[in-house]
Amino acid sequence: MITVDALHHTFSIGKKGHEKKVEVLKGISFHIERGEIIAIVGKSGSGKSTLLQIIAGFMKPDSGSILVNNTEIAGYNEKQSAAFRLDNFGFIFQNFQLLPAQTVFENIELPLKLKGVNRDLRAQKVTELLNKVGLTEVADHYPNELSGGQQQRVSIARAMITNPPIILADEPTGSLDSQTEQEILALIRKLNKEENLTFVIITHDEEVATISDRQFRMTDGVLVGGMSRVI
Amino acid sequence: MLFKDQLQFVLQHMKKNKLRVTMTVLAAMIGCAFLIVLASIGFGIQHTLKSELLNDDAITQIELWGDETLAEEDVAYIEGIDHVNVVLNRAEINGMVKSSLDDRTGETNASIADMTAQNKLPSSLSEGRLPENANEIVVGYHYGQSLLNEADLAELERKSREAEEAGSYYDGSEEGYKDALLNKEVNIQLYDENTQEYMEPAAFTIVGILKEPSYDWYRDTSIQFSDSLLVSYPDLITYPSTTIYVDSMENVMPVLELLKEQNYQVYSQVEQLEELDLFFLIFKIGLVFIGTIAVLIASIGIFNTMTMAVTERTREIGVLKAIGASPSLIQRLFLMESTFIGLLGTGLAIIVSYAVSFAANAILPYVVSFAFSDEDLSSYDITFSLIPWSLVVIAGGISLAVAILSGLRPARNATKIEVIQALRQEL
């Protein structure tokens, strides 16, 4: 499904002329199978978010390879990356990243609009998904009228609406209380089982990592682990 | 993304920033309306002058100058040119001509015309016929006004003095011979240049009255003799001229060019019309240029609005890009917004310009009359402002192009927003 090989990335920090090079990814390699939930755990500054952003195509790596379903995407330009994301990735962000001026329904249907799906089919798909994530009653509400847990459900629904094979989640429960966190994790687990979706979850929270099939640990740009979870 | 979804997306955002968008549309409207109205003045003045020239019968005529009457072979050559209908030899008689009828006398201008050629032209008479021999004449529509007796002269003097005291002018239209002139016999004295005295009176019969002149202010009291007059008065000093009548305005220039090539001294109002068109083309380009400056100022407003829109929506752009919106789509959405502002501004500007133009044409004649003269200009066909479709297309095109260009840079900036930076922004 996803094969990352010898991924390197360096940031330049400091004033121009006095830049300091910081190597954030030091030859990352791993493989993920379809239907797995993978947790990449690490402390702040370990490079885990950079890894996710590079896989998503938000930035280009200095070197290395990223194969998704045998397609090399590391060298894609911005346009190619955007088209690939639309077809293959769904995103769940820590602070939800919903559009405040759009209703729950409109936020969820946004990726379908980008794909050029017609209005009737969009309505049908969004209604089904609202039902699945338990948000039917708040479909016409705006994000600021919802709780954190509800907003993250909207975010999850938006990530799933185009049926992408892979969901990339960056600290999906980082802004939630522990009870809501459990609800969201349960929902992720449920969707993984029912829809056979692949989740790549970036987290610093060991609790979140417990729902994963495999865990990787990121320390100073080096990835270790990848062992199956002991049930 | 489907076009109607893009449209809905853009309209939704414009609605959200109603006040700012409205102000920008107003700025675009004022700029474009200023451009149209300014240029419309050029079109209006040109239209007025052109109509004046085109309404004149002389537009299909070519004047040929010379010291002597055109020779017969020249007449034959010119008449042989395609599209030439008639070649009319005329001559102005030197000095004034005295005429008398009963106890009335008057002095007028007089001319001689080739009546055979004149006959081929559309009738210039309001009644009667053209002279057929040397003793017949036609007279101008106001000829009777030139025939005054003692009582008329005293009355005319009194009225003229009164009018002068009142600061106006009296045209003498109430005096003169009021009865029918057709078939009346008048005694005419021609001026002899050699003896510097008037010749003996000779009797002439008025067989035709010319049409009323097209200009209200013009009083035609002239006398037209047949060219056979020169047989009786061979020493009469005249100033000959020839008028060539062409079948239509479009054919005047080719005939004119041909005659110039043959070294004839010719002139036509059509030449003046072409010079007029060239002058007004340059004049209108100047006005459009000045008007475009207003549009450019309005474009700064559009640029600001779009830059603000991009800055405000940085996070939203980040989200759109993160979930798969292509840079070209982001650019298109912002360009559509600036295009909408331009379209709305231009559309409103066209409506406003037509209203201003209509009002200017309705009100300005009264204002100008009031300010500069006592004469009522509203009775004249003066166009102060004219908005032809070509002006609407040019001004609309400039306004719309400027609006799109103003939105281009902000739209490009929107595509350059980095997803990671944008998503870090708080609401």
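Let's start with polar contacts across the interface of chain A and chain B. There are nine residue pairs in polar contact, both residues at pLDDT 80 or more. A polar contact is a pair of N or O atoms within 3.5 Å; within protein, one must be able to donate a hydrogen and the other to accept it, and residues adjacent in sequence count only if both atoms are side-chain atoms.

Which helices of chain A each supply at least two residues of the side that touches chain B? They are α2 (78-88) and α3 (104-115). Helices here are DSSP runs of H or I, at least four residues; strands are runs of E, at least two; both are numbered from the N terminus.

A word on ground rules. This is a predicted model: local features need pLDDT of at least 70, side-chain atom pairs count only at pLDDT 80 or more, and totals for chains, interfaces and linings use all residues. Residues are numbered from 1 along each chain as its sequence is written, chains are lettered from A and ligands numbered from 1 in the order written, and side-chain values use heavy atoms, leaving out hydrogens and water.

Now the whole interface. Contact means heavy atoms within 4.5 Å. Chain A brings 27 residues to the contact, and chain B brings 25 residues. Together the chains bury about 2,300 Å², with 60% of it on carbon and sulfur atoms. Buried area is the accessible area (1.4 Å probe) that two parts lose on being put together, summed over both. In chain A, Gln97(A), Lys113(A) and Leu114(A) lose the most area to chain B, together 25% of what that side buries.

Next, charges. Side chains of opposite charge can pair when their charged atoms come close. How many salt bridges are there between chain A and chain B? Two. The rule is a side-chain nitrogen of Lys or Arg within 4 Å of a carboxyl oxygen of Asp or Glu. Glu78(A) pairs with Lys321(B), with the closest N and O atoms 2.6 Å apart. Asp5(B) meets Arg122(A) at 2.7 Å, N to O. Asp5(B) sits in helix α1 (residues 3-16) of chain B and Arg122(A) in helix α4 (residues 119-132) of chain A, so this pair joins two chains. Over all chains, the count is 24 salt bridges.

Last, chain B's record. For "transmembrane region", an unreviewed UniProt entry lists several stretches of chain B, among them 340-366 and 386-408. UniProt positions use the numbering here, feature names are shortened, and annotations may be inferred rather than shown by experiment. Residues 340-366 of chain B are 100% helix, with end C-alpha atoms 39 Å apart.
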